[in-house]
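Welcome! Take a look at the sequence and structure first.

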Amino acid sequence: MLDALFAEPTAARCLAREDGRIVRHNAEWSRYLVALDSTFLPVDFPLRAATLTELRVPSWTRGAGAIRIPPHRPRPGPGPLWEGTLTWVREAGLEMVLVSLHEVSRAGVDVRLASERTHQASSQESEQRFRTLAENAPDIIARFDRRFRHLYVNARAEAASGLTREQLLGRSNAELGFPPHLVDLWHSSFERVFTTGRPEVLEFTYGTGGDARHYEAKLVPELAEDGSVSSLLAMTRDVTAWKKVELELREADRLKSDFIAVLSHELRNPLAPIRNSLVLLERTAPGTDAHSRAREVLVRQTEQLARLVDDLLDIGRLTHGKIELQPTRLDAREVVRASCDAVRPLFEDRGVVLDLELSSESAWVEVDRERLGQMV
């Protein structure tokens, strides 16, 4: 692409490194330079050239994308007018400046200047509206150039960083001493936006421990007239409160899942004793010890099922993952005996002998009877 530009005979072009050393130019550039008197040009003119090997570019242009070089005469007196652009580009991995100039007619310049004055007034009005909105916005708003330096910051940016505008403007995050890992994150995102021209969203945490704040930033490219990205706008919002709510919801969901898993398992436990007790009731005569034990098991396990269903219906405990205990003073031997009676038919059906040995002394405990029974 550069070869094609430099081959064009109607434009004067040169390519220079950041230090001003000209590494390439064409014949038209030599013709322009012969007519150039840099001392005649305005102080803020975006182009200075001393020789065919040296270009002097004002510092305010660096990294600013494409800058228009207005119509001008290289030296006092009659002569052709020249105009063009000064554009910062990357060539062979280096930041370079490309200057393109061509001759223009006086009449065409007058018409264009009138149009540009109108456009400039409109742009100034638009910029003023932007700054009014930005200064009153709750978000941190900043504009960055292609070298990642602050071109504009609003009041919220000053408050969040603890730095004044004078300290922020003209400096990058790295130059301001922000944490290296954040600088790498921001600058890699900035680079992608400048390269692709597409907006990007990034999240980051600033600070440590209890002082840490969570932020979400949207990076939006601002385009020059030629369609290139001249700067980017960063709108950053403090989302610490949202993150806290999000974490609380995740924790509540985890506790609810754990709670349901525990109760689902417990709901299965009474089913086998109930089923076996029903079989035993059918096989034994009323009034016998086996018949009475089977009825006791049915009553006890049915009460346990009712309690588990109540647990599931209690939305408050379901959300917080809490299982309510109902402790009472009892002899643990009773719970062990009842639990063995509940599963004894299952053992017998499978040909397994269940031997129960209980201490002769009471084992008084303060526990939830049903929970202890589930454990046994």
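Which strands and helices each supply at least two residues of the lining of the largest cavity? They are strands S8 (140-144), S9 (150-153), S10 (200-206), S11 (213-223) and S12 (229-238), together with helices H4 (155-161) and H6 (180-196). This is a predicted model, in which local features need pLDDT of at least 70 and side-chain atom pairs count only at pLDDT 80 or more, while totals for chains, interfaces and linings use all residues. Residues are numbered from 1 along each chain as its sequence is written, and side-chain values use heavy atoms, with hydrogens and water left out.

**The largest cavity**

- A cavity is a set of points on a 1 Å grid over the protein atoms alone where a 1.4 Å probe fits but cannot get out, and lining residues have an atom within 4 Å of a point.
- The count comes to one cavity of 30 Å³ or more.
- The largest cavity has a volume of about 370 Å³, a volume being the space filled by probe spheres set on grid points that are joined across faces, edges and corners.
- Its lining has 20 residues, with Ile140, Asn173, Trp186, Phe204 and Thr236 nearest the centre.
- That lining divides into 16 nonpolar, four polar and no charged residues (nonpolar: Ala, Val, Leu, Ile, Met, Phe, Trp, Tyr, Cys and Pro; charged: Asp, Glu, Lys and Arg; polar: the others, Gly among them).

**The second largest pocket**

- A pocket is an open set of points with protein on both sides within 12 Å along at least five of seven lines.
- The second largest pocket has a volume of about 520 Å³.
- Among its 22 lining residues, Gln301, Ser339, Ala342, Gly373 and Gln374 lie nearest the centre.
- Helices H8 (271-283), H9 (289-313), H11 (332-349) and H12 (369-375) give two or more residues each, and H11 gives the most, with eight.
- By class, this lining has eleven nonpolar, six polar and five charged residues.

**An open sheet**

- Helices (H or I, at least four residues) and strands (E, at least two) are DSSP runs, numbered from the N terminus.
- Five strands form an open sheet in the order S2-S1-S7-S6-S5, with antiparallel pairing (two strands pair if DSSP finds at least two bridges between them).
- Strands S2 (22-25) and S5 (66-72) stand at the edges with a single partner strand each, so one side of each is left without a neighbour in the sheet.
- Strands S6 (residues 81-91) and S7 (residues 94-104) pair in the antiparallel sense over eleven bridges.
- Glu91 has Leu94 in S7 as its bridge partner.
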